[in-house]
Amino acid sequence: MDYNIAWFIVVGLLLTGYAILDGFDLGVGALHLFAKGDHDRRIMLNSIGPVWDGNEVWLVTAGGALFAAFPEIYATAFSSFYLPFMFLLFALIFRAVSIEFRSKEDMKAWRNFWDACFSIGSIMAALLFGIAIGNVILGFEIGADRSYQGTFFDLFTPYTLLTGVFNLFMFTMHGAIYLTMKTEGALKQRVERWVLKAYVPFVLFYALTTVATIYLRPAMLANFSFGYIPQEGTTHQLIIDHHVLISVLAWLVVLLNLLAILNIPRAIHKNRPFQAFISSALMMMAIILFFALGLFPDMMVSNLSPKYSLHIYNAASSQGTLKTMLILSCIGLPFVVVYTTIIYRTYRGVTRLDESSY
Amino acid sequence: MDVEQLSRLQFAFTAMFHYIFPPFSIGMGLLLVLFESLYIITKKRIYETITRFWIKIFAANFSVGVATGIVLEFEFGTNWAAYSRFVGDVFGSPLAAEGIFAFFLESGFLAILLFGWNRVKPGMHLFATIMVAFGSIMSGFWIIVANSWQQTPVAYELVTDAQGFTRAVITDFWGVIFSPSSMPRFFHSIVGAFVQGAFLVLSVSAYYILKKKHLEFAQRSFFIALLVAAGASLLQPAIGHISAHVAYEHQPAKLAAFEGLYETQREAPLYLFGYTDPETETTTGLAVPGGLSFLLGWDTDMEVKGLDQFAKEDRPPPVNAVFQSYHIMVGLGMLFIAMTLLALWFYFRSTLFEQRWFMKLFMFSVALPVVANQAGWYSAERGRQPWLVYGLLRTKDGVSKSISAEEVIISLVLFALIYLLLFFTWLYVLDKEIKHGPDTHEAQETAYPDRRERIDVLSKTLH
């Protein structure tokens, strides 16, 4: 265990926090237009009203952490995915201000416009995150100067579109599950139907994405194959030394992941929305773990040559900076957990409208 | 235009647009703390009305600030990848710290500030307000720390790795945090933000006073904001002076451009206004002889380095732009002192709110601190050119290699359209909130018969 691995884990945790938290409010956004009537739409907006801003901070902080700990990843990722990333930013801008502006005016056209911006922005963001992850899994054209050699259109392949759509269904289901905790009455019944409607394509696309990933890039399994499947680039000494332990743990997570997925419809059926939400959150944690473990120690794979790949050592800041920033994170992150807990406790329970609502 | 120029334009546009909003949030954050403390201490309902109205205005600013701020967190990577690789070790740290220590604090307690009035105890709400104000100042701290290192880089060494990539690496973390310019620039920016936030409250209050609406609300808001505006305006020249001094010591070319000083000389003049001519390398205008020498060394005979000490390619281009923006900032700063002192004088003669011309002036002055803050940052950033990191990395060497001019044009045009839409929607929403005005005590009372019942009762009436 060195500072580089610790930072790989910290960045992973920040992205996991982001996926679980902003995942549900992007999902709520994706479902927004399916809600009929102003009251239901306001309930949906206000269910994420106090928390969406904090959820987005996880992304901003993950960006800052990448910049500080792995500047090469930060630079390569955002300059390679230039236009898709700009579209992602526009989507995030639109959905953020839509929440604020939508209910400030009673005109129907006004509300419909911001409703559409909010929903399309959320859907775009969910798709683009998935497409970005798909590109990182398959690798892209990173050259000797660590810059992207491909074009905008190279980033959109059937596989990356598949991961994009999968991510959209995952977030949508996750958002619907969140809404089951925040709604009551007829809206709650409708939301529960949404969960099941999103669940079927989610499971299908999950299976499809898994098969496609293993087929197109078997090396994603290398780190949990008990040493049978060779890694494409370098294999980390930690994996070589502990490949049995790591593989056993990883397959346990696979099993738990399956159970969590199966538990979602069960918990909804038994009217245990919080249990369903936790299951969904655990499932997302597991997916990010598979993704991270599949890549490790690489962070961005070059499909031009493995020697151009960026990994936790050649992409990292100096040891001094990693150490200082790790200490600062260990001081700061417990506070983050405390704030987040306070906010979610304060706003727990069913969402109702009052005069400070959106 | 090439990728470099387009990227500079895009960064300038997105950063300047973003910077309309955070100073409002920082300045109004301080005022919200004052308003709400007065409410908690005096228990007067008028302060509840005041606090709750300004929270609504604060919210509209804040969300546009957040939405446009996310862009900046990633724009170093999208357009300035070479720069990010070069400085990530140094520059990334304060950015990460900003997220961990400021943004989470700010966004977490913002939820209570905006939606918690009926959910948490009054003391807890005040605490949340203080934390949001503190968090917004801390985010200013970290980002100015990062920017200041670009202005006055210290505590680093250049390291070349096995593959031949050179980058700057921190040698002393606290040295980076407290680089020579970071503290003066931090205080200068935050005090500028206090002025901007206070002027928004002054402007809206003056509007109500002119309309003879919500008078008690408006006059109390006006007076408290006036105290903040006057205090901040008076403090600003002293901090600005220190900041200019640091610039002279560490970035003499920048200060020479600010002051339009081409020729190194004793008894350097201080231009009050004028223009610079790049052909003849002279500055024409009204000047205090020896003024600049006096301000920099308290000695009119001190020799001040001019632009002639620097090779043409190391001078901030064009000098006149920086000269003018710097003078706009200074001139407006002086105007704020005059306005606020005059208003205080009227106030203590109890005639302030009858001065209709003066109320009108305050109503329209809301844009002036925005211009002053923008002009200040424009001077600081344009004055740093041609360097991205002063003396270390040129702007042209920092740009991303993998992006094309077409891509940047697409994003730039979209930013322009989207931000235009945002700007006018923001103005529209603010205008609507202001025209609606504060809710009266009666409206607040009848809506909530019992504090514990408030939320449920209201949601039933809305169903």
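**Close-up views of the chain A and chain B model**

Figure 1. The rule finds 4 salt bridges across the interface of chain A and chain B. The model shown here and in the other figures is predicted. One of the salt bridges is formed by Lys432(B) with Glu105(A), and their closest N and O atoms lie 3.8 Å apart. The interface of chain A and chain B also holds 19 residue pairs in polar contact, with both residues at pLDDT 80 or more.

**Figure 2. The side of chain A that touches chain B.** Across this interface, 19 residue pairs are in polar contact. On the side of chain A, the elements that give two or more residues are helix 3 (52-69), helix 4 (71-80), helix 5 (82-101), helix 6 (108-138) and helix 12 (319-346) of chain A. Sorted by residue class, this side of chain A is made up of 42 nonpolar, 20 polar and 12 charged residues.

Figure 3. Chain A puts 74 residues into the contact, and chain B puts in 82 residues. Between them, chain A and chain B bury about 7,000 Å², and 70% of this area is on carbon and sulfur atoms. Phe67(A), Tyr82(A) and Tyr339(A) account for 10% of the area that chain A buries against chain B, more than any other three residues.

**Figure 4. A hairpin in chain B.** Strand 3 (residues 270-277) and strand 4 (residues 282-288) of chain B run antiparallel and are joined by 7 bridges. Tyr271(B) has Ala287(B) as its bridge partner in strand 4 of chain B. The hairpin has 4 residues between the strands, and in it Glu281(B) takes a positive phi near 55°.

**Figure 5. Chain A as a whole.** Chain A contains 12 helices and 2 strands. Read from the N terminus, its elements follow the order α-α-α-α-α-α-α-α-α-α-α-β-β-α. Chain A has a radius of gyration of 21 Å, close to the 21 Å that the globule rule gives for 358 residues, so chain A is as compact as a globular protein of that length. Taken along the principal axes, the C-alpha atoms of chain A fill a box of roughly 60 × 45 × 40 Å.

**Figure 6. Chain B as a whole.** Chain B contains 16 helices and 6 strands. Its radius of gyration is 24 Å, which agrees with the value near 23 Å that a compact globule of 463 residues would have. The C-alpha trace of chain B spans about 75 × 55 × 40 Å along its principal axes.

Key. Residues are numbered from 1 along each chain as its sequence is written. Chains are lettered from A and ligands numbered from 1 in the order in which they are written. This is a predicted model: local features need pLDDT of at least 70, side-chain atom pairs count only at pLDDT 80 or more; totals for chains, interfaces and linings use all residues. Side-chain values use heavy atoms; hydrogens and water are left out. Contact means heavy atoms within 4.5 Å. Buried area is the accessible area (1.4 Å probe) that two parts lose on being put together, summed over both. A salt bridge is a side-chain nitrogen of Lys or Arg within 4 Å of a carboxyl oxygen of Asp or Glu. A polar contact is a pair of N or O atoms within 3.5 Å; within protein, one must be able to donate a hydrogen and the other to accept it, and residues adjacent in sequence count only if both atoms are side-chain atoms. Ala, Val, Leu, Ile, Met, Phe, Trp, Tyr, Cys and Pro count as nonpolar, Asp, Glu, Lys and Arg as charged, and the others, Gly among them, as polar. Two strands pair if DSSP finds at least two bridges between them. The radius of gyration is taken over C-alpha atoms; the globule rule is 2.2 Å times the number of residues to the power 0.38.
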